[in-house]
Amino acid sequence: MGVFRILTIDGGGIKGVFPASFLATVEDTINNKIGNYFDLIVGTSTGGIIALGLGLGFSAKELLEFYEKLGPLVFSGNPFICFLRQLGFSKYDQGPLKEALTKRFGEHKLGESKNRLVIPSFNLETGEVHVYKTSHHLRLMRDYKEKVTDVALATAAAPTYFPTQRSISGVPLIDGGIWANNPVGFAVVEAIGILGWPRESLRILSIGCTATAVDVSSARLVPRGMIYWSTKIVEVFMSGQSSASIGIAQLLAGHENLVRINPVVPKNRFGLDKINEIGSLKGLGDSEARKAIPALKDKFFCSQVEEFKPVYRL
């Protein structure tokens with residue numbers, strides 16, 4: 001029985017520098033592109049942008065350099081004015097992000113990906129999940145014609161940070177992190193339920209964008225209301241979603257077949273738009289990769305995967 005390798009990358013805004021740096025360090029060690037070693041790549045939001053780039057054949061190093069340039073272009077402006085904007089509108093204009101993505105991905109379409117890709121988003125019209133996929137199954141007949149830039153804008157349209165992205169057909173889409181910020185559980189479901197890969201054949205590398213311990217200690221002692229929970233609820237549901245996603249992946253594929261890389265850092269150490277910490281995120285990615293490579297090499301990087309042959313072609 002063969003082995004199928006899966007790479008998943010969480011959402012996290014500019015904190016995507018961490019997984020990009022981690023993968024770039026691995027690449028430098030194995031002297032080959034990351035995309036050549038995975039049968040399926042699943043990424044949400046910033047992780048979706050990285051996944052799309054890997055699928056198009058970019059090296060992790062190229063994507064890391066892209067992020068280093070992207071951050072100051074996209075997350076710029078007077079902090080106070082940005083805060084006031086965020087109260088009633090999106091904090092940042094989509095223009096610089098769209099321009100940067102267009103320059104990087106050009107007119108490439110999802111069907112040009114060299115890897116099977118799954119990129120979560122969310123449909124505001126219907127309240128249903130909207131998932132972009134390469135044509136790795138007979139049922140997947142449409143998404144491969146979508147422009148990569150449009151897919152990236154949809155998965156990364158984080159509420160309050162960026163405006164809603166409308167697809168060519170007019171569907172209003174927002175960040176896939178709403179339901180799958182950590183997409184590892186969904187990736188394993190795709191592998192087993194859609195691709196039909198045996199659970200025991202899966203090897204999953206799941207990379208986060210750093211984590212912090214959730215602190216709602218006072219709520220355990222005193223009933224709290226809207227003011228308290230308004231500052232905590234996103235953190236709580238993100239932590240819960242990630243925990244559930246990891247649990248699903250471990251249950252379906254086996255604990256021993258999942259490797260999770262997501263270092264815990266002090267609260268407020270990094271942020272979705274804190275561009276002043278790009279250098280630190282890059283350094284953390286490199287140091288975590290140096291520690292992990294000996295254990296990862298034989299499990300994920302001993303041989304290249306077979307060429308992906310999509311069902312439908314452009």
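Mentor: On a 1 Å grid over the protein atoms alone, a pocket is an open set of points where a 1.4 Å probe fits, with protein on both sides within 12 Å along at least five of seven lines. This is a predicted model: local features need pLDDT of at least 70, side-chain atom pairs count only at pLDDT 80 or more, and totals for chains, interfaces and linings use all residues. Residues are numbered from 1 along each chain as its sequence is written, and side-chain values use heavy atoms, without hydrogens or water.

Trainee: What volume does the second largest pocket have?

Mentor: Volume is the space filled by probe spheres set on the points, joined across faces, edges and corners. For the second largest pocket that gives about 300 Å³.

Trainee: Which residues lie nearest the centre of that pocket?

Mentor: Its lining (an atom within 4 Å of a point) has 14 residues. They divide into 6 nonpolar, 3 polar and 5 charged. Nearest the centre are His130, Val131, Arg142, Asp143 and Glu146.

Trainee: How many charged residues are in the contact of H3 with H5?

Mentor: Contact means heavy atoms within 4.5 Å. Glu62, Phe66, Leu70, Leu73 and Val74 in H3 meet Pro96, Leu97, Ala100, Leu101 and Arg104 in H5. Counting Asp, Glu, Lys and Arg as charged, the contact has 8 nonpolar, no polar and, as charged residues, 2.

Trainee: What hand is the crossing of H2 and H6?

Mentor: H2 (residues 46-55) and H6 (residues 148-155) pack at about 160°, axes 8 Å apart. That makes H2 roughly antiparallel to H6. With the near helix turned clockwise from the far one by less than a right angle, the crossing is right-handed.

Trainee: Are H8 and H10 roughly parallel or roughly antiparallel?

Mentor: The axes of H8 (residues 184-194) and H10 (residues 233-253) come within 6 Å and cross at roughly 30°. Their contact has 10 nonpolar, 2 polar and no charged residues. Angles under 35 degrees count as parallel, so H8 and H10 are roughly parallel.

Conventions. Helix = DSSP H or I, 4+ residues; strand = E, 2+ residues; numbered from the N terminus. Axes fitted to C-alpha atoms, helices over the stretch in contact; angles between N-to-C directions. Parallel < 35°, antiparallel > 145°, perpendicular 65-115°, else oblique.
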